[in-house]
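Please read this briefing with the sequence and the structure side by side, and look up each residue as it is named.

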Amino acid sequence: MTLNNLNDLFLHELKDVLDAEHQLVEALPKMADAAADPELALAFQEHLRHTERQVTRLESVFAALGEDPEPDTCEGMQGLIEEGTELMETDAEPSVRDAALIAAAQRVEHYEIAAYGTLRVWAATLGLNEAVELLEETLEEEKAADQKLTMIAEGNVNIEAETEASEAEDVEEVGTAASKPRPARTGSTSRRTTAGRPRTRTRATKPARGSRRKTRAR
Ligand SMILES: [Fe+2]
């Protein structure tokens, strides 16, 4: 392949991002299944629908250029998804896995924001007005998805993940003293709840470390 001008480069990167979106259409349902937080699972499902539309939008850009929508393997996205999958498959507390899923998904979003931002500027330089509009639309969706993930992380998941870690420590300490191990979690329901406790706790209702420790030590 020879890149003689900006138009060639634009087309080359369009093929790359088309493949990246195809990869995400495959990955997002798995991420939604792996998410314990219902809001996070919903965000992944919603972004899957956006991603499917983004593929269609990219196909329209190819059509406007009079080119076939041929994807070209996006190794960057392959790597990001591979890393995310590894984390997803690692044994982890539900909210800790959620925090990991958000981290992986935000890396993906930032990668896409960079790609679409560049493509939009190149399209404008090339005077491809229809492409500019289509790429801009997707760029805004990616930014919104990124913000939504930040909101979910800061609103609930990170605090829960931090609490899981503290509780694991506490139980370990108490378990050692009283020879009473933490109750085992069973089945898929353990991904939605922690010992019957609703998963919507926020910082405001999180008990102080001291009081939690006292309760568990009784
Ligand atoms: Fe996308």
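What follows is a short account of the helices, their packing and the core.

This is a predicted model, in which local features need pLDDT of at least 70 and side-chain atom pairs count only at pLDDT 80 or more, while totals for chains, interfaces and linings use all residues. Residues are numbered from 1 along each chain as its sequence is written.

**Overall make-up**

- The secondary structure of the protein comes to six helices and zero strands, where helices (H or I, at least four residues) and strands (E, at least two) are DSSP runs numbered from the N terminus.
- Read from the N terminus on, the elements run α-α-α-α-α-α.
- Of the 218 residues in the protein, 30% are buried; a residue is buried if 20 or more other C-beta atoms lie within 10 Å of its own, exposed if 12 or fewer, and partly exposed in between, with C-beta atoms placed from the backbone.
- Among the contacts in the protein with a separation of 6 or more, 77% are accounted for by residues 24 or more positions apart, and two residues are in contact if their C-beta atoms, placed from the backbone, lie within 7 Å.

- Helix α2 (residues 38–65) has 28 residues, which at 1.5 Å a residue should span 40 Å, and its end C-alpha atoms are 41 Å apart, which agrees; the expected span of a helix is 1.5 Å times one less than its number of residues.
- The buried residues of α2 are L40, A43, F44, H47, T51, Q54, L58 and V61, and just after α2 the residue G66 takes a positive phi of about 75 degrees.
- For the 32 residues of α4, the span at 1.5 Å a residue should be 46 Å, and the end C-alpha atoms of α4 are 46 Å apart, which agrees.
- Just after α4, G127 takes a positive phi of about 70 degrees.

**Packing of α1 with α3**

- Helix α1 (residues 6–34) and helix α3 (residues 75–89) pack at an angle of about 10 degrees, with their axes 11 Å apart; axes are lines fitted to C-alpha atoms, for helices over the stretch in contact, and angles run from 0 to 180 degrees between N-to-C directions.
- That angle makes α1 roughly parallel to α3, because angles under 35 degrees count as roughly parallel.
- The contact is made by A20, Q23, A27 and A34 of α1 together with M77, Q78, I81 and M88 of α3.

**The nonpolar core**

- The largest nonpolar core has 45 residues, and those with the most contacts inside it are V17, M31, L40, L101, I102, L119 and L135; a nonpolar core is a set of buried Ala, Val, Leu, Ile, Met, Phe, Trp, Tyr and Cys residues joined through C-beta atoms within 7 Å.
- Helices α1, α2, α3, α4 (94–125) and α5 (129–178) each supply at least two residues of this core, and α4 gives the most, with 13 residues.
- Not counting residues up to four places away in sequence, L119 touches F10, E13, L14, V17 and L135.

- A100 is found in helix α4 and counts as buried, with 20 C-beta neighbours inside 10 Å.
- Leaving aside its neighbours within four places in sequence, A100 is in contact with L87 and A92.
- I159 lies in helix α5 and is partly exposed, with 19 other C-beta atoms within 10 Å.
- I159 and V96 are 63 residues apart in sequence and 9.6 Å apart in space, C-alpha to C-alpha.

How values were computed: Parallel < 35°, antiparallel > 145°, perpendicular 65-115°, else oblique.
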